[in-house]
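Here's a quick tour for anyone meeting this structure for the first time. Have a look at it below, and then we'll walk through a few spots together.

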Amino acid sequence: MTKAYDYDLIVIGSGPSGRRASVQASKFGKSVLVIDRHGQMGGVSVHTGTIPSKTLRETVLNLTGWRERGIYGINYRVKQHIDAQDLGRRVGKTLSDKVDVLEHQFARNGITLMYGSARFRDPHTLEVTDAQGDVQHVTGKSIVIAVGSEPHRPDHIPFDGTCVIDSDGMVKLDKIPRSLVVIGAGVIGIEYATIFSALDVRVTVVDQRDHILDFIDRETVQEFVHQLRERGVNFRLGCTLDSIVMEAGQPVAILDGGRRVRGDLLLYTGGRQGATADLNLAAAGLTADSRGRLKVDPDSFQTDVSHIYATGDVIGFPALASTSMEQGRIAACHACGYPVPPAPTYFPYGIYSVPEISTVGLTEEEAQQKKLPYETGIARFRETSRGQIMGETAGFLKIIVCLQTHKLLGVHIVGEAATELIHIGQAVLNFGGSFEYFIEATFNYPTFAEAYKIAALDVWNRMTPRQDGEPPAIAPEELSPERGAEGAAV
């Protein structure tokens, strides 16, 4: 006799992966319950992570007139005095709209939503405690753990929510600091450091590593760091944090060797950890690692208990909203008994800093490690007509191409719209296309997308042998979209 469960699928968490898992299961006609402990839909992504931080970035770029400074000068401002209320107003409106959309999505898909803290009683049973302390028990045939992550808060860091904060506190500031110290040069630290630098806040970034963003193509990072240094961002790399003390109402970071870095506000970004501490995983037969993360099968996202899945930040890298959504979909399909095609080989990575960075495929360093014969091509945004119209003086798009097959190996972009432009390269990579596609394609004009054509022509110049009767190489100064297209047709 088959045991009856309250729901076919229970999802713990309503972040990107949890939402995608629940909607996918509902499309299969399954009964679905989503449990969220925050009292509002969306999870960390909507309330303290992705959406508010990216909204904050867009607000800063708009109010400061950042995108127009290349034309009107560094003193150009849309709003002369910008305060925390200006930033918070747009964040609040965006979050409210996002929650409304998500609630409507759940309603039209017949998904049941329950607010409260979930805790395993056994592998199929969850105990849910709501804000009033009332307890309810629910059972599920399959369960997806999509609880996300939370900032890592070491005991020796004197967090006070005012002067020393974690990343959650950056979207809740009551005033804009004059100076900011960021401990940790990972993605989150770099994003906030550059956003506040765009507000003309004096920023110092401290990290024990000698290089930032080691997983990004080295030349791309060098271009990025050069732009930041030019606008006054200070880097203290290769420095270990010994302690944080308060002096005259300001936090001071004491580094190894006695070096001191002072600021009005100190942001500590020491990574994130899975929010699994209160789930009573042992009752389900599961164990998390030291950072609260769960181990899963990379193809199905099953944990060690076959009917329990884990997706999103709680399983660690890459911890992107985009990949988390796909993980949730795959887990739901597997749990509901539906076949899932293999995931694409390449997915894009986006860093919403100022300027943006986005990357897909192999870095130049990885191509060297694999001993692949390759060539690179670069298009400076200032070479594009769109870049000239917008006053872009920096930023580039770089492609990496296999010399033997001419196939695209990787794309790396730093500059305006990088996270949008990357998808063109992603599509060509996943379809196994060659760099000649960019030469032969017709792009809207004027657009930043034309940088693909310019970069491809740069590769063509470097890798095509010149013999009598063949067309001459195209000079770099001629690599405008109009002349580049003519050169390719010769």
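## Two helices side by side

Let's start with a meeting point: R19, S22 and V23 in α1 touch K98, L102, Q105 and F106 in α5. Sort the residues of this contact by type and you get 3 nonpolar, 2 polar and 2 charged. Keep in mind that what you're looking at is a predicted model.

How do the two helices sit relative to each other? Helix α1 covers residues 16–27 and helix α5 covers residues 84–108; their axes come within 11 Å and cross at roughly 25°. Angles under 35 degrees count as roughly parallel, so α1 is roughly parallel to α5. As for handedness, α1 passes α5 in a left-handed crossing.

## A covered helix

Now jump along to helix α13, residues 451–463. Among the buried ones are Y452, K453, D458, W460 and M463.

Leaving aside residues up to four places away in sequence, A455 touches G377, I378, A379, L397 and I399. P355, on the other hand, is 100 residues from A455 along the chain, and the C-alpha atoms of the two are separated by 20 Å.

Most residues other than glycine have a negative phi, and most peptide bonds are trans. Where does this model do something else? One place is the cis peptide bond that joins F317 and P318, with omega at about 5°. P318 is in the loop between β17 (308–310) and α8 (321–335). That loop between β17 and α8 also holds A319, which isn't a glycine but has a positive phi of about 55°. At 37% relative accessibility, A319 counts as partly exposed.

Another cis peptide bond joins Y445 and P446, this time with omega at about 0°. P446 is found in the loop between α12 (436–440) and α13. Finally, there's H406, in the loop between β21 (396–402) and β22 (408–414). H406 has a positive phi of about 70° despite not being a glycine. Its relative accessibility is 27%, so H406 counts as partly exposed.

Terms used: Residues are numbered from 1 along each chain as its sequence is written. This is a predicted model: local features need pLDDT of at least 70, side-chain atom pairs count only at pLDDT 80 or more; totals for chains, interfaces and linings use all residues. Side-chain values use heavy atoms; hydrogens and water are left out. Axes are lines fitted to C-alpha atoms, for helices over the stretch in contact, and angles run from 0 to 180 degrees between N-to-C directions. Helices (H or I, at least four residues) and strands (E, at least two) are DSSP runs, numbered from the N terminus. Angles under 35 degrees count as roughly parallel, over 145 as roughly antiparallel, 65 to 115 as roughly perpendicular and the rest as oblique. A crossing is left-handed if the near helix is turned anticlockwise from the far one by less than a right angle, and right-handed if clockwise. Contact means heavy atoms within 4.5 Å. Ala, Val, Leu, Ile, Met, Phe, Trp, Tyr, Cys and Pro count as nonpolar, Asp, Glu, Lys and Arg as charged, and the others, Gly among them, as polar. The expected span of a helix is 1.5 Å times one less than its number of residues. Buried means under 20% relative accessible area, exposed over 50%, partly exposed in between (1.4 Å probe, protein chains only).
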